[in-house]
Every structure is written in C-alpha cells, then in structure tokens.
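Have the structure open as you read.

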Amino acid sequence: MDFSIGEDRQMLADTLRRFLSNEADWEKRLKVIETEPGFDRETWRSMAELGVLGALFGEEAGGFGGTAFDVAAVFGEVGRSIATGPWLATLMAGRLLAAAGESDALGAVIAGDKVVTWAHLPAHDSDSGEEHDVTASQDGDGWTLTGAKGVVDYLGAADLVVVTAGERAFLVEADAAGVARAGYKMVDGGSGGELRLSNTPARELSGVGAEDIAAAEAMGVVALAWEGVAVMDQLRDQTLEYMRTRKQFGVPIGKFQALQHRMATLALEIEQARSAAINVAARFDSAERAKSVAAAKYTLARVGSLAAEEAIQIHGGIGMTWELPLSHYAKRMVMLGHVLGDEDEHLARYIELMREGD
C-alpha cells in the first residue's frame, strides 16, 4: 500500500521545509519567541505568498488544497521546525469562514494581509474555578457578544477573531468596541491570550452550525496528529545522535543494551502514531471520522508523552535547558497532547463511539 502524500503535496512540503530552514531557523526562532507577538509577521506574509496558507483551503474558498492530506503536508513541516505562528487557529477559523462563504475575510487571511484566530474554549476563573463563556444577543439586524474565551492562540497579533457561542459562530474585528485582550506566553514558546467581550458588535457566520464547528475541530486534530509525529521524529533523532556522542565508562551510551531497547520501543510507538495520523487523514470524509479523530488524538497524546519523557531522561539535565533545541520540541510535544482534548478525553470518546456502534 502506498502511504506517500503524493508528488504535488511533497513539492509543497519540500518548499516549506526549505523556506523554514532559511527564514525561520533555530537562531531566529529564539529571537522571535521573545517578542510580544511570538512570531514574525513578515515571515508569515512571505509564507502566504508561497501559497502555504492557500493549501489549507479548497478552491471554492480561494485556496488550492483543503483536503486532510494537504493539511497534513503543511503541518508535518511545521512540526519538523516547530515553527511559531497561528497555524492551527488559521486552519480552524478559516474552515468556518469558508463554510459561511466569507470570501473577502478568508481571502485576506490566505494572502497574509490579515491574521485570524479561533476563540472557542471558555475562560476559567483562576480563583473560583468557574467557567465563563460567550453569549450572543441580537441587536437589531446584527449581533453583540458578551463573555470570555480562554487560551486563544496568538490573540495579541490577530486582526480577526472567529468566536463560537453555543452552536453559532461569529466574526469579530479585534479592534472593535468592547474587545479586551490579555496576552501571555505559552510554555512551548508561542503566545496565547484571554479574550473578553462586552456588547461587542459581531457578524454571524451564516449557515455555520454545530456540525461545521465539529468538522473544524476534527481537521484541527488531523493537523495536530501530523505535526506531533514530526515532533516525535525530531525527539527520537536528536536523542539517537546524543547517544552516539555522549560517553560513559569510555564508550558511547548508545552501546548500552538497556537504552537500545528503550529507543526501539519508542520507535515502534512512533510508527503507531504515524499510522493513526495517516488513518485520520484518510478517513476524514468517511463515516469513521469521529472514531479516527479520537484514536489519533489519544495516540498522539500517549506516544508524545513517552517520546518527550524518554528524550529528556536519556539526555539528563541538559535535556531541560532552554538553549538545547530538544527541550523546545519536548515542550511543544507536551502542549500538543492537550490541545483539542487530552489523552483521557479522547480515550473515553473512542470507547463511547465503539459502544454506540455495537
């Protein structure tokens, strides 16, 4: 069976890999994650000019891709280089803009002229633990939104925000009246923020409902699965290289059978995660999508945790240092395990879906 992503997608992936290697290398990453936006806007615009963002959306929406494997090709390279930027938010928010026929807004996003983000998770009060979500109210012919959303990717840099409220979705201008943004740094080097809205004018994304929101989240899991496997590959490869050079008792630690067994187990587990990533992309448009999504995200979280733990343990204390690339990959891997639902949530979901099929 042929598991390749195809010649055209491979050309896209190779182009993006070369670009990120030249324009977003390790030294540049260390600098850009210290900035307030957490990514370089000019680099983002250059990638848009290459057509990278257009690959995430279909021709009917102004792009030239849009399939699960198109998304996979892009996010595999994002994971390889742990490139910062609103990749996931652009994908999911853009899917809803496309579903609503918001061609002007999505066209500006695909061209790199506008940055869009996705506000879906309720905000949590750190003192009381209470959830605060967004509610929508009709205001004449329009709508206003009030409430809060948490962990919004790259909120500080966004021009547009797609906000969910129940089974509806709305488009909000980031500088609209009643918008308050509180940004913060994420553990993996990216940036996030909390969004607060107070009678904020918004445009309803017409025709978008619960199924469209679920489909956007499902495509987000496809992206995370492929990004995660690429991160795992880097953790494995960097650890193997360290085992070839680090010596104890006068020999490379890669000669120790116990460590060889651990790395062999990790390699097998990564292949399981790769198979799950291929499976969720292949079944995205089938009746098996929900089960494939749950299985892929569960596998990503479980194997990703193992990859991060093994890499750091074998490296020892140096594996936690900020200057070592491996530590950044490990932190990103831990983050990927929790975005769009963690291991326990998706295992429970998979079990539920299997029971429903009996």
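## Helices α5 and α7

Which hand does the crossing of α5 and α7 have? It's right-handed, in what is a predicted model. As for the geometry, α5 covers residues 87-99 and α7 covers residues 210-245, and their axes come within 9 Å, crossing at roughly 150°. Angles over 145 degrees count as roughly antiparallel, so α5 is roughly antiparallel to α7.

On the α5 side, the contact is made by L88, L91, M92, R95, L96 and A99. Facing them from α7 are D212, I213, A216, E217, M219, G220, A223 and L224. Sort the residues of this contact by class and you get 10 nonpolar, 1 polar and 3 charged.

## Helices α4 and α7

Helix α7 also packs against α4: these two axes come within 7 Å and cross at roughly 35°. This crossing is right-handed.

From α4, the contact takes in A68, F69, V71, A72, F75, G76, V78, G79 and R80. The α7 residues involved are M219, V222, A223, W226, E227, A230, V231 and Q234. The tally for α4 with α7 comes to 12 nonpolar, 3 polar and 2 charged residues.

## Helices α1 and α4

Now for the pairing of α4 (residues 68-81) with α1 (residues 7-23): the axes come within 9 Å and cross at roughly 25°. Angles under 35 degrees count as roughly parallel, so α1 runs roughly parallel to α4. Here, too, the crossing is right-handed.

R9, L12, A13, L16, R17 and L20 are what α1 brings to the contact. Helix α4 answers with F69, D70, A73, V74, E77, R80 and S81. Split by class, the contact of α1 with α4 holds 7 nonpolar, 1 polar and 5 charged residues.

## Domains 1 and 3

Stepping back to the domain level, the assignment for this protein lists domain 1 (7-115), domain 2 (119-208) and domain 3 (211-357). The centres of domain 1 and domain 3, taken over C-alpha atoms, are 22 Å apart.

How many residues of domain 1 are in contact with domain 3? There are 24, and they meet 27 residues of domain 3. Between them, the two domains bury about 1,900 Å², with 79% of that on carbon and sulfur atoms. In domain 1, the residues losing the most area to domain 3 are W26, F69 and I82, which together account for 24% of what that side buries.

Notes
Residues are numbered from 1 along each chain as its sequence is written. This is a predicted model: local features need pLDDT of at least 70, side-chain atom pairs count only at pLDDT 80 or more; totals for chains, interfaces and linings use all residues. Side-chain values use heavy atoms; hydrogens and water are left out. Axes are lines fitted to C-alpha atoms, for helices over the stretch in contact, and angles run from 0 to 180 degrees between N-to-C directions. Helices (H or I, at least four residues) and strands (E, at least two) are DSSP runs, numbered from the N terminus. Angles under 35 degrees count as roughly parallel, over 145 as roughly antiparallel, 65 to 115 as roughly perpendicular and the rest as oblique. A crossing is left-handed if the near helix is turned anticlockwise from the far one by less than a right angle, and right-handed if clockwise. Contact means heavy atoms within 4.5 Å. Ala, Val, Leu, Ile, Met, Phe, Trp, Tyr, Cys and Pro count as nonpolar, Asp, Glu, Lys and Arg as charged, and the others, Gly among them, as polar. Domain bounds come from an automatic or database domain assignment. Buried area is the accessible area (1.4 Å probe) that two parts lose on being put together, summed over both.
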